[in-house]
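Keep the structure open as you read.

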Amino acid sequence: MFRTLKYMFLIRFAAMRNRIIYWCSHFPLVGKHIPVSFYSMKVIRWIVNILGFVFSVLSSLAMKMVFLLLLSFVAALYNGDHAVVFLELAAMVSLVGAFMNTSVFYGDRNKYEWLYLFHMDGTDVAHALFMEDRLSYAIGYGVVACILASGGVITLPEAVMVTAGVVAMRCGAAALMTILYAKGLRKAFKAPDMAYIVKGLICIALAFVLPAFVVNKVMAYVLFGIAMLLCIPSVYQLSHFDGYNRMLKKINAGFANTLAEVSKLGITSQQEKITNEDNYVSSLHGLAFLNDLFVHRHKKLLYGLSSKIAIGIAILFAGLCIGVLIVPSFGSMIRTFPEEIASTMVFLVYAVNSGTAVNSVLFVNCDRSLLTYSFFKRSDQILGLFRLRLKTMIRINLLPSLTMAAGFLMLSLLTKGNLVSALLLSVMVIMLSVFFSVHYLTLYYLIQPFNNEGKVVKPLYNIVVVVTYVICYKLIGVEVPLIVFSLGVIAACLLYSLIATMLVLRFSAKRFRIR
């Protein structure tokens with residue numbers, strides 16, 4: 001069992017190491033200097049193994065420690081003895097969690113690889129997973145329970161009872177699963193679906209509601225006591241159950257097909273929303289006709305999200321306008337709204353932008369097929385379609401932005417606020433919408449981050465998106481006069497759009513290709 005656990009960790013770390021080197025080798029400028037020999041270097045292997053082990057252990061323990069500390073904090077909010085409420089909550093929530101989280105019996109990529117690619121024995125894998133799970137709970141809960149005992153929240157015997165009781169509950173739940181499977185009462189295990197999660201959340205909610213009416217230490221003692229009494233029979237059942245290999249192989253046999261189905265799910269869901277009309281007529285020709293036909297057939301995918309966002313924004317501003325008309329004092333409160341929200345609008349426009357979604361639609365439903373033809377890779381074809389698509393993306397993202405701009409102007413007129421400030425804010429919002437349209441389409445043509453399944457595989461794309469998010473988020477709450485901030489943002493948007501367009505003209509013919 002310990003040998004199997006060791007190999008399981010080594011396989012995890014090898015996958016982690018190879019993934020890190022792979023991503024680094026595809027990073028611009030740095031990647032070309034990373035040789036293939038990095039995959040076999042012992043120094044890197046040992047460094048990643050040590051760091052991976054430390055990170056895995058600490059992350060597993062941290063989750064359990066944070067949960068128990070959070071439970072202690074919540075218990076202090078109830079009326080009654082803190083220790084009694086904590087024990088009651090810990091017992092009931094742990095009991096629900098033991099039956100909700102029986103992950104050993106669910107199929108996943110790791111188990112599929114261990115059983116079918118590395119031909120490990122299912123019994124050894126199950127025992128190793130049980131050992132890993134129980135040790136993490138025993139150490140994580142034990143550390144927090146001792147901290148709570150040293151702080152006087154609970155006594156030391158109660159700390160031992162909580163730790164041993166939680167481990168015993170998990171053993172009992174797992175043993176019950178094997179008994180049900182052996183007797184044919186449960187023939188299949190699958191990851192929790194939405195209905196299962198909802199039922200579990202209802203049970204957890206009831207566990208948190210009960211201490212508001214009944215605060216009794218006896219309940220926790222009874223639940224933990226029964227679990228510990230059944231612990232030895234449960235461990236015996238888990239150690240002597242002989243159906244692990246058959247059960248786990250059956251559960252994970254179809255996992256490869258499941259992965260393929262999941263990878264095709266996004267493409268299938270997009271294809272279901274495509275409008276196919278054989279009699280479509282247009283006066284346009286060449287690339288203009290191609291783009292017009294594409295937009296017409298994919299208008300649900302392209303305009304669906306932005307239309308819904310625009311409708312939501314319109315409803316919000318309509319509610320604000322009605323509130324101003326009904327309650328005049330409310331108008332005086334939001335009269336300075338444009339000045340106060342100016343810096344936040346950068347993040348809000350970023351949040352409602354549909355750039356990545358539109359790029360995915362473009363690639364999955366058009367470019368992944370056309371890029372296999374040599375004529376489509378010519379620079380004149382790429383640049384001609386870029387201009388047409390830029391206009392389309394600007395129109396898509398202008399729907400929510402124009403709605404916001406109209407809302408600000410309407411509120412300014414109703415509240416008799418500063419109309420110039422509202423105009424500046426409206427122009428800034430529209431320019432930000434154009435900026436993000438140029439930004440995401442430029443990233444698409446210069447990086448082309450998608451593989452043939454429509455998944456983002458280029459790390460540089462994710463890095464730029466994260467940097468964009470951080471910059472927009474950091475601008476929230478910046479105290480700068482509206483006229484200075486808006487004019488600065490508008491100038492920056494114009495300058496960036498000019499530079500981005502020049503980069504696309506210069507490099508897109510080399511960078512825009514199939515990954």
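Among the elements of the protein chain, helix H9 (residues 231-240) has the highest mean pLDDT, 90, while helix H11 (residues 255-271) has the lowest, 53. Here pLDDT is the predictor's confidence in each residue, on a scale from 0 to 100, and helices are DSSP runs of H or I with at least four residues, numbered from the N terminus. The mean for the protein chain is 82, and 91% of its residues reach 70 or more. Where pLDDT is low, the predicted coordinates should not be read in detail.

Residues are numbered from 1 along each chain as its sequence is written, and side-chain values use heavy atoms, leaving out hydrogens and water.

Now turn to a pair of helices. Two packed helices are described by the angle between their axes and the distance between the axes. For helix H2 (residues 42-75) and helix H5 (residues 122-150), the axes come within 8 Å and cross at roughly 40 degrees. H2 and H5 are therefore oblique to each other, a class for angles that are not under 35 degrees (roughly parallel), over 145 (roughly antiparallel) or 65 to 115 (roughly perpendicular). Residues of H2, including Leu-61, Phe-67 and Leu-68, meet residues of H5, among them Tyr-137, Ile-139 and Val-143; contact means heavy atoms within 4.5 Å. By class, this contact has 12 nonpolar, four polar and one charged residues.

Next, look at the backbone in two loops. His-119, in the loop between helix H4 (109-117) and H5, has a phi near 55 degrees, a positive value in a residue other than glycine. Gln-448 also has a positive phi, near 45 degrees, and lies in the loop between helix H18 (419-447) and helix H19 (459-474). Are these residues buried or exposed? His-119 counts as exposed, at 66% relative accessibility, whereas Gln-448 is buried, with a relative accessible area of 0%. Buried means under 20% relative accessible area, exposed over 50%, and partly exposed in between, using a 1.4 Å probe and protein chains only.

Finally, find Ser-343 in helix H15 (residues 337-352). Ser-343 is buried, with a relative accessible area of 4%. Which residues does Ser-343 contact, leaving aside its neighbours within four places in sequence? They are Leu-475, Ile-476, Gly-477, Val-478 and Phe-485.

Definitions and conventions: Predicted model: local features only at pLDDT ≥ 70, side-chain atom pairs only at ≥ 80, totals over all residues. Axes fitted to C-alpha atoms, helices over the stretch in contact; angles between N-to-C directions. Nonpolar A, V, L, I, M, F, W, Y, C, P; charged D, E, K, R; others polar.
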